[in-house]
Amino acid sequence: MPAPKKTAKRTFLVASAALLSVSLTAPAAPAAPAPKTSPSATPPANMSTVGGARLGQAGTQVDLASGVPVLPKDLTARSWIVADAESGQVLAAHNAHWRLPPASTLKMLFADTLLPKLPGTQEHKVAAKDLAGMGAGSSLVGIKENETYTVHDLWLGVFLRSGNDAVHVLSAMNGGVAQTVTDMNAHAQELQALDTHVVSPDGYDAPGQVSSAYDLTLFARSGLQKKDFREYCSTVRAKFPGETKKDKKGKKTRTSFEIQNTNRLLSGDYDLSVYQGIAGVKNGNTTNAGATFTGVAERGGHVLLVTVMNPEKKEHNDVYRETAKLFDWGFQAVGKVQPVGELVPPKSAVSASAQPNPTASAGQAGGGQAGGSSAKPVASASVRSGSSGMGIALGIAGGVVLLLAAGAYLVNRRWPLPDLVRRRSRP
């Protein structure tokens with residue numbers, strides 16, 4: 001494998017002060033009511049206009065000027081969005097604010113909320129009550145009662161296997177499921193993800209639990225500014241602790257087993273190649289939500305975020321195929337197409353920009369890690385024990401939010417290095 005080339009640190013202006021002011025002062029359309037257990041196949045007439053008026057309109061929003069490639073014709077998802085992760089510009093969208101069941105893509109908000117609270121080296125012995133209340137048929141990583149796990153282990157279970165058991169144990173460490181739901185809803189409000197209402201922290205189908213392609217993209221963008229988040233969401237495979245057993249002599253041993261990321265654009269599948277430049281983020285699938293996915297990829301010096309929710313086609317891996325088509329379009333269109341909206345900054349960034357000393361660090365404004373953030377961009381994510389080095393996002397979005405005198409929302413990032421840009425062979 002050739003050595004990755006160095007990637008220069010780049011600083012990007014995410015939104016000008018004027019655009020920020022317009023987007024935050026424009027009145028939002030009334031939010032659509034939470035969908036029933038089986039959501040309508042028709043988007044509501046009135047949707048949120050956070051990020052721009054066009055994003056609140058039903059149907060596809062794109063400006064196809066001269067030189068801009070046409071969108072793929074065979075897209076079937078109920079909702080999708082293509083955004084420049086660094087500038088925040090929304091290049092194209094389809095029912096971006098339609099409130100739909102999110103499935104396990106909601107785990108991005110879960111991680112963005114809890115990661116700063118729980119050190120990776122912290123250990124926890126699992127009690128029976130920690131695993132109570134999981135929905136029937138939940139995806140599991142294989143956590144066992146009375147076994148001890150590190151927080152790092154548990155997060156690998158969340159991101160790679162989408163383990164609801166890992167989510168419930170981490171929630172127990174955070175004061176319980178109810179407290180975690182409260183924290184997640186509060187963090188969604190902070191991120192201006194106003195389409196989102198959390199009922200279950202693992203994304204399992206629940207009445208009234210909704211999000212949107214727009215909000216899921218906000219969660220990914222915020223999460224990617226955390227070093228640990230970048231590591232976990234881009235790890236292809238890892239070793240996970242197994243069950244402790246005794247031999248005939250009473251000696252205790254504990255083995256491990258391999259887990260692989262269920263994000264098929266990252267890990268590949270028998271009918272799907274690894275997507276060139278992919279570096280995360282999270283997939284999901286439930287009865288009510290269908291297939292959902294948010295991905296981040298880098299190509300040609302651009303970093304894009306794509307979210308796809310519930311393709312009508314129910315073919316194997318179709319959510320990834322539609323995502324790949326939107327990525328391909330986005331990389332051809334970026335720099336040519338006029339944006340139809342923007343990804344808004346967190347509320348704290350907006351509040352801090354109004355302060356008399358706007359040069360101070362915004363701290364948590366961009367989702368920076370509590371107690372460990374600094375304005376210095378992170379050069380690379382460390383390769384932790386048990387994780388596949390190939391799967392570590394070496395410094396995606398390794399910066400924190402700074403607020404400058406102009407009141408703009410500025411992000412210093414080091415995006416995926418060539419190790420993640422090269423097309424990798426299937427495992």
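These legends describe close-up views of a predicted model.

View 1. Strands β7 (residues 237-246) and β8 (residues 252-260) run antiparallel. They are joined by 8 bridges. The hairpin has 5 residues between its strands. Gly 250 takes a positive phi there, near 85 degrees.

**View 2. The largest nonpolar core.** This core has 64 residues. Ile 143, Trp 155, Phe 159, Leu 170, Tyr 214, Phe 219 and Phe 229 have the most contacts inside it. Helix α3 (residues 151-161) gives the most to this core, with 7 residues. In soluble globular proteins, nonpolar side chains tend to be buried together. A second core, of 32 residues, is separate. Among its members are Leu 71, Ala 92, Val 236 and Ala 333.

**View 3. The surroundings of Phe 159.** Residues up to four places away in sequence are not counted here. Phe 159 and Phe 229 are both listed among the residues with the most contacts inside the largest core.

**View 4. Thr 217 in helix α6.** Thr 217 lies in helix α6 (residues 213-223). Thr 217 counts as buried because its relative accessibility is 0%, and buried means under 20%. Its side chain makes a polar contact with the side chain of Thr 307, at 2.8 Å. Leaving aside neighbours within four places in sequence, Thr 217 is in contact with Ile 81, Ala 83, Leu 305, Thr 307 and Leu 343.

Conventions. Residues are numbered from 1 along each chain as its sequence is written. This is a predicted model: local features need pLDDT of at least 70, side-chain atom pairs count only at pLDDT 80 or more; totals for chains, interfaces and linings use all residues. Side-chain values use heavy atoms; hydrogens and water are left out. Two strands pair if DSSP finds at least two bridges between them. Helices (H or I, at least four residues) and strands (E, at least two) are DSSP runs, numbered from the N terminus. A nonpolar core is a set of buried Ala, Val, Leu, Ile, Met, Phe, Trp, Tyr and Cys residues joined through side-chain atoms within 4.5 Å. Buried means under 20% relative accessible area, exposed over 50%, partly exposed in between (1.4 Å probe, protein chains only). Contact means heavy atoms within 4.5 Å. A polar contact is a pair of N or O atoms within 3.5 Å; within protein, one must be able to donate a hydrogen and the other to accept it, and residues adjacent in sequence count only if both atoms are side-chain atoms.
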